[in-house]
Amino acid sequence: MIIYLDESKKLWEGRIVLGGFITKHKHSYINKFVKNKISEYGIKNVALELKSTKATWKIFYEKMIKDNRFDIIKNNIIWINVTNYYKDNLKQYIKIVSELIWYIYPSLKNYNKNIYFIADRIDFWKKTKMIEKLIEEKINNKFKFKKSLYFQFESSKSYSGIQISDLITYQLRISNINNDGVLDDFITENSYNIDLLGEFKA
């Protein structure tokens, strides 16, 4: 199982949204799936990072949400809307990730294989591997899994799942940070039974 996560924030307002999705597909499958969809949707550069231009993002997302074969998500969008987050802070980040896992823990606790948590890279003091191990230790000590949860930061250029999480998170941010309360059907139909308008205080 892989949990993909990305974030969108307005630090000057003390707001951050972390969002993504859970899948039992391998990341090689997801990378290939997204690359094929980029081509199928008529975007010429299949190596393009989806959010590199607004036009590309808009084309991909609008086609994705209407695509019945977009099966890497299937009701597994997860997210958390956070207030009182004014700077990238490791302690707060671990607290938020732990809260997100708490929401979805009932579906994770009996999973009998390793769980891989892949988040878009955040450079906490440039000690990425040490930070990954610290997060893993905190989470595995707090929650009991059949196997283990592994946490890693990766570049969205290499992990298309993070790019998809980025698109989802962007939509959630528009609705929840800007407080317009409007979410498209794709988000509402595929959410992981988490209150889409709820907030968590960091």
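What percentage of the 202 residues of the protein chain count as buried? In this predicted model, the figure is 53%. The protein chain holds six helices and six strands, and these follow one another along the sequence as β-β-α-α-β-α-β-α-β-α-α-β. The radius of gyration is 16 Å, close to the 17 Å that the globule rule gives for 202 residues, so the protein chain is as compact as a globular protein of that length.

**Overall dimensions and surface**
- The C-alpha trace of the protein chain spans about 45 × 40 × 35 Å along its principal axes.
- Among contacts with a separation of 6 or more, 73% come from residues 24 or more positions apart.

**The sheet as a whole**
- Strands of a sheet pair through backbone hydrogen bonds, either parallel or antiparallel.
- Six strands make up an open sheet in the order β5-β4-β1-β2-β3-β6, and the pairing is mixed.
- At the edges are β5 (149-154) and β6 (200-201), each of which pairs on one side only.

**Strand β1 and its partners**
- Strand β1 covers residues 2-10, and eight of its nine residues are buried.
- In a regular strand the side chains alternate between the two faces of the sheet.
- Strand β2 (residues 15-23) runs antiparallel to β1, and nine bridges join the two.
- Within this pair, D6 stands opposite G19 in β2.
- β1 and β2 form a hairpin, with four residues between them.
- L5 has A119 in β4 as its bridge partner.

- Strand β3 (residues 77-83) and β6 run parallel and are joined by two bridges.
- V82 stands opposite F200 in β6.

**A helix across the sheet**
- Which strands does helix α3 lie across? Helix α3, residues 90-108, lies across β1, β2, β3, β4, β5 and β6.
- The helix runs at about 145 degrees to β3.

Terms used
Residues are numbered from 1 along each chain as its sequence is written. This is a predicted model: local features need pLDDT of at least 70, side-chain atom pairs count only at pLDDT 80 or more; totals for chains, interfaces and linings use all residues. Side-chain values use heavy atoms; hydrogens and water are left out. Buried means under 20% relative accessible area, exposed over 50%, partly exposed in between (1.4 Å probe, protein chains only). Two strands pair if DSSP finds at least two bridges between them. Contact means heavy atoms within 4.5 Å. Axes are lines fitted to C-alpha atoms, for helices over the stretch in contact, and angles run from 0 to 180 degrees between N-to-C directions. The radius of gyration is taken over C-alpha atoms; the globule rule is 2.2 Å times the number of residues to the power 0.38.
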